[in-house]
Amino acid sequence: MAVRLNEDKETVERIREGLIAKGGYCPCRVGKKEEFKCMCEEFKAQIKDPNYEGNCHCRLYYKEK
């Protein structure tokens, strides 16, 4: 299992700019809830799932099996 950044550098750059603008909260979500702080709780749960492979909600990270 490995977690890596999205291979699309333009996407990573846009997401990082959004994270800075929102103070570390996912730029793809409405509101600033603690569970939306990057790395979000949803993706942390997906990382723990041995059968999950895919991107986090905002597509910044990718989890490989």
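Helices (H or I, at least four residues) and strands (E, at least two) are DSSP runs, numbered from the N terminus. The model is predicted, so local features need pLDDT of at least 70 and side-chain atom pairs count only at pLDDT 80 or more, while totals for chains, interfaces and linings use all residues. Residues are numbered from 1 along each chain as its sequence is written, and side-chain values use heavy atoms, with hydrogens and water left out.

**Exercise 1.** Locate Arg 59 and describe its backbone and accessibility.

*Solution.* Step 1: Arg 59 belongs to the loop between strand 2 and strand 3. Step 2: its phi is positive, about 75°, although Arg 59 is not a glycine. Step 3: with 47% relative accessibility, Arg 59 is partly exposed (buried means under 20% relative accessible area, exposed over 50%, partly exposed in between; 1.4 Å probe, protein chains only).

**Exercise 2.** Classify the aromatic pair of the structure and place its members in the chain.

*Solution.* Step 1: a pair of aromatic rings is described by the distance of the centres and the angle of the planes. Step 2: rings of Phe, Tyr and Trp (its six-membered ring) pair if their centres lie within 6.5 Å; planes under 30 degrees apart count as stacked, over 60 as edge-to-face and the rest as tilted. Step 3: the structure holds 1 aromatic pair. The ring centres of Phe 43 and Tyr 61 are 6.2 Å apart and the planes stand at 10°, so this pair is stacked. Step 4: the pair links distant parts of the chain, since Phe 43 is in helix 2 (residues 41-48) and Tyr 61 in strand 3 (residues 61-64), 18 residues apart.

**Exercise 3.** Determine how the buried residues of helix 2 are arranged and what they pack against.

*Solution.* Step 1: the buried residues are Phe 43, Gln 46 and Ile 47. Step 2: viewed down the axis of helix 2, they fall within an arc of 105° and therefore line one face of the helix; the arc is that of the directions from the helix axis to the C-beta atoms. Step 3: the partners in packing are strand 1 (2-5), strand 2 (54-55) and strand 3, where contact means heavy atoms within 4.5 Å. Step 4: Phe 43 has a relative accessible area of 1%.

**Exercise 4.** Describe the setting of Arg 29.

*Solution.* Step 1: Arg 29 is in the loop between helix 1 (9-21) and helix 2. Step 2: Arg 29 is buried, at 16% relative accessible area. Step 3: not counting residues up to four places away in sequence, Arg 29 touches Lys 22, Phe 36, Cys 40, Glu 42 and His 57.
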